[in-house]
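Thanks for asking me to look this one over. Here are my notes, written so that you can follow them with the model open beside you.

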Amino acid sequence: KKTNTLASIIYSANNEQGFKSGSTYGDAMFSDFDGVILPTFEKSILSVKDIYAKSDGKKLIDHLLEAGHIAYALLTYGRGKNAIQHIAKLLNVDVDKLIDLICFLIGTHDIGKAHPTFQLKLNDSNACCDEIHDTIIKFALNDLICASDSGEMRHERYSRDILYDYFNNLGLDKYSYEYRADIVAFHHQGKSGNVKEPVVCYGSETEDRWKEWRTAQKQMIEKVRSIWNIDTDFINSLEDKKYKNGLCYFILSVMVTSDWIVSGKHWARKLYECENNAEKAAEQFISENELCCKPIKDYLGNLSWNSVFSFSKNDLQKSVTETTYYGSNVCVIEYPCGYGKTEAALALALKLGSDKSGIYLGAPTMSTAKGLANRCRDIAKNAGINMNIPEFDSSMIWEDNDMEKIPKELWTSKTRHQMLYPFAVGTIDQILKSVIQ
């Protein structure tokens, strides 16, 4: 019989047959019949492909895998590469195992949408989605759940609960996985609501129908894990790490960014162009949207002072640029106006930040930022570099505390896109507000 089983294993064992068998992800399994191991097939009526993430017909398993592929791209050759390398060094852990864990969490962030209440909500919000209606209503446990209750159901909180159970069944220590599963509960910040777990009437048809949902949830998790396999010993080892809270904040930021990307129209178009190959689409999306981790020296080469500026260094600029900085992260330059502090700071940034992916010049006000941007464009032009150095037109987009009102198209907003350029000029408050969430 043809099945959708992802993997089976047969290994030697001390029993009557001389071997044992196992399988994962699918309707095929191996059962013990009085000491004889035989393959059996669980009849599953609710398929993974019957469950949706969006009312536009996006399948949940596709949404999860796409988010995971974007996260992987961000962490391996995108803007998150430097950060994850630094974090792995601080934690003294294997960076590849850390990336697998992060991509697994992001690839399961919306698993809570595999719930009859959420699926009823999708159908209720889009009556044209006949596929959702025909499949889900049959398995929606109608005698216990009403579509009118769907507004109370928060899928991200239910995602956390599902991962709690999954990690627990892997035999992990509770304290090693609890706060990692908690991360998915916060990827829609500011939302209020409850987890809607239906009351299961044991021994009834309702119980059988609820098992269908549980089975589908596990199948999706195992599919994600088949791509980004999590190491249980590695997860346990993170419990005693000093910087684990910082790691959680970093994972949340990658999760929110990945979710925004794969929920947008730009991604949908790129996915269509790549014939629904999510891995290929992620690679192209990262490279086409200023999200690659490309060091400044690749843009500019090794620039000398004379190739950047049309004048010789004064004493202040010599002091700043010719000093050897051992492991320094901050340099404060204090001097009277008109002595070339900006040029000294820019030259130092080019020197110390040659391996970084960008330089941001923050001025006190918008008027000073515009002037600074013009100066930087002239410097680039004098150095023979054809580069647009944008300044931020307004900080208004950061002044709205309601994140839901900010467009999901993260990269189409001019103000946001400029933050990703190799060089950008703005005000101090704009760079601070960009990370306030």
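1. **Ground rules.** This is a predicted model, so to speak of what the values rest on: local features need pLDDT of at least 70, side-chain atom pairs count only at pLDDT 80 or more, and totals for chains, interfaces and linings use all residues. Residues are numbered from 1 along each chain as its sequence is written, and side-chain values use heavy atoms, with hydrogens and water left out.

2. **Salt bridges, and one between Lys 49 and Asp 62.** The count comes to ten salt bridges, a salt bridge being a side-chain nitrogen of Lys or Arg within 4 Å of a carboxyl oxygen of Asp or Glu. In one of them, the side chains of Lys 49 and Asp 62 meet at 3.1 Å, N to O. This pair links distant parts of the chain, 13 residues apart: Lys 49 sits in the loop between β4 (36-41) and α1 (60-76), and Asp 62 in helix α1. Helices (H or I, at least four residues) and strands (E, at least two) are DSSP runs, numbered from the N terminus. Lys 49 is partly exposed at 41% relative accessibility, and Asp 62 is partly exposed at 25%. On this scale buried means under 20% relative accessible area, exposed over 50%, and partly exposed in between (1.4 Å probe, protein chains only).

3. **Further pairs.** Asp 161 forms a salt bridge with Arg 160, with 3.4 Å between the closest N and O atoms. Asp 161 has 24% relative accessibility and so counts as partly exposed; Arg 160, at 21%, is also classed as partly exposed. Lys 313 and Glu 322 meet through their side chains in a salt bridge of 3.4 Å, N to O. Here Lys 313 is partly exposed at 25% relative accessibility, whereas Glu 322 is exposed, with a relative accessible area of 52%. Salt bridges that share partners also join Lys 270, Glu 273 and Glu 288 into one network.

4. What does the side chain of Glu 222 make a polar contact with? The partner is the side chain of Tyr 166, at 3.0 Å. A polar contact is a pair of N or O atoms within 3.5 Å; within protein, one must be able to donate a hydrogen and the other to accept it, and residues adjacent in sequence count only if both atoms are side-chain atoms. Glu 222 belongs to helix α8 (residues 205-227). Glu 222 is buried yet has no salt bridge, and the nearest side chain of opposite charge, Arg 225, is 4.7 Å away. For charge, Lys and Arg count as positive and Asp and Glu as negative; His and the chain ends are not counted.

5. **The second largest cavity.** There are three cavities of 30 Å³ or more. On a 1 Å grid over the protein atoms alone, a cavity is a set of points where a 1.4 Å probe fits but cannot get out, and a pocket is an open set with protein on both sides within 12 Å along at least five of seven lines; lining residues have an atom within 4 Å of a point. The second largest cavity has a volume of about 40 Å³, and its lining residues include Phe 309, Thr 342, Leu 361 and Arg 375. Helices α16 (341-352) and α17 (366-382) each supply at least two lining residues, and α17 gives the most, with four.

6. **The second largest pocket.** About 390 Å³ of space lies in the second largest pocket. Of its 18 lining residues, Lys 58, Asp 62, Glu 66, Trp 267 and Leu 271 lie nearest its centre. Both α1 and α11 (265-273) supply at least two residues of this lining, and the largest share, five residues, comes from α1.

7. Most residues other than glycine have a negative phi. Please look at Glu 275, where phi is near 55°, and at Asn 276, where phi is about 65°. Glu 275 is in the loop between α11 and α12 (278-288), and Asn 276 lies in the loop between α11 and α12. Glu 275 is exposed, with a relative accessible area of 71%, and Asn 276 counts as exposed at 60% relative accessibility.

Methods: Grid points are joined across faces, edges and corners, and a volume is the space filled by probe spheres set on the points.
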